[in-house]
Amino acid sequence: TAEDASVSFSDRIGFHAGLMAEFAMSEKLTFRPGLLYSQRGNKIELLGLVSLKTNLNYIDIPLSFTYGFSGREKGFFVELGPNIQYLLSATGETDGESEDIKDDFKPFDIGLLIGLGYKINSKFSLGLNYNAGLINILEASSDGESMKNTNIGIYASYAF
């Protein structure tokens, strides 16, 4: 029966890289837009028999604001803002066979980005952020199914 079905989900670890700009708004506040390539996905196991891996590749456009507790140049900061995402490709893999599943997902997504970081100096910073997906990314969800993009990012950045 459906109640006896054992379903487990696990997240995918992916690559995240791109360019960010930083515009000073005050002594402690900056606007930080970006253009990033981001890999996402998951693995779904059903009854230990069927396994489906999804690989989703996005262009992310984070539009975050940062607040530096000690100013913009050095020290701890927090970030907050929307993250607009465009789906480049999506593949699903079952039993070693891969297929294009991009049509199963909406082409655009939006999330809320929140994070914490530390600026070592004006050139180098380290950070941790969380992107909470705000919309159902499944194209057609007739059974009330819902899937949202959520991810945790760990990053190091260098300013030119």
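**Entry: ground rules.** I am working on a predicted model, in which local features need pLDDT of at least 70 and side-chain atom pairs count only at pLDDT 80 or more, whereas totals for chains, interfaces and linings use all residues. Residues are numbered from 1 along each chain as its sequence is written, and side-chain values use heavy atoms, with hydrogens and water left out.

**Entry: confidence.** I looked up pLDDT, the predictor's confidence in each residue on a scale from 0 to 100, and found a chain mean of 88, with 91% of the residues at 70 or more.

**Entry: overall layout.** I counted ten strands and zero helices in the chain, and the order along the sequence reads β-β-β-β-β-β-β-β-β-β. Taken along the principal axes, the C-alpha atoms fill a box of roughly 60 × 25 × 25 Å. For burial I used relative accessible area with a 1.4 Å probe and protein chains only, where buried means under 20%, exposed over 50%, and partly exposed in between; on that scale, 31% of the 160 residues count as buried. I then turned to contacts, meaning heavy atoms within 4.5 Å, and saw that among those between residues at least 6 apart in sequence, 56% join residues at least 24 apart.

**Entry: the cavity.** I searched for cavities on a 1 Å grid over the protein atoms alone, a cavity being a set of points where a 1.4 Å probe fits but cannot get out, with lining residues having an atom within 4 Å of a point. Grid points are joined across faces, edges and corners, and a volume is the space filled by probe spheres set on the points. The search of the whole structure returned one cavity of 30 Å³ or more, and the volume of the largest cavity is about 90 Å³. Its lining has 14 residues, of which Thr-66, Gly-68, Arg-72, Phe-77 and Lys-119 are the closest to the centre. I sorted the lining into three nonpolar, five polar and six charged residues, where Ala, Val, Leu, Ile, Met, Phe, Trp, Tyr, Cys and Pro count as nonpolar, Asp, Glu, Lys and Arg as charged, and the others, Gly among them, as polar.

**Entry: Asn-42 and Thr-54.** I placed Asn-42 in strand β4 (residues 29-46) and Thr-54 in strand β5. Asn-42 counts as buried because its relative accessible area is 14%, and Thr-54 is likewise buried, at 4%. Their side chains make a polar contact at 2.8 Å, a term I take as a pair of N or O atoms within 3.5 Å, where within protein one must be able to donate a hydrogen and the other to accept it, and residues adjacent in sequence count only if both atoms are side-chain atoms. Leaving aside neighbours within four places in sequence, Asn-42 is in contact with Ser-10, Asp-11, Arg-12, Leu-52, Lys-53, Thr-54 and Met-147. With residues up to four places away likewise not counted, Thr-54 touches Arg-12, Arg-40, Gly-41, Asn-42, Thr-91 and Ile-101.

**Entry: Ile-44.** I also found Ile-44 in strand β4, where its relative accessible area of 21% makes it partly exposed. The C-alpha atoms of Ile-44 and Tyr-158, 114 residues apart along the chain, are separated by 36 Å.

**Entry: Leu-126 and Ser-157.** I located Leu-126 in strand β9 (residues 124-133) and Ser-157 in strand β10 (residues 150-158). Leu-126 is partly exposed at 44% relative accessibility, and Ser-157 is partly exposed at 28%. Beyond four places in sequence, the contacts of Leu-126 include Phe-77, Tyr-155 and Ala-156. Ser-157 touches Lys-123, Phe-124 and Ser-125, not counting residues up to four places away, and its side chain makes a polar contact with that of Ser-125 at 2.5 Å. From C-alpha to C-alpha, Ser-157 and Gly-127 are 8.4 Å apart in space and 30 residues apart in sequence.

Technical notes. Helix = DSSP H or I, 4+ residues; strand = E, 2+ residues; numbered from the N terminus. 1 Å grid on protein atoms, 1.4 Å probe; cavity = no way out; pocket = protein on both sides within 12 Å on 5 of 7 lines; lining within 4 Å.
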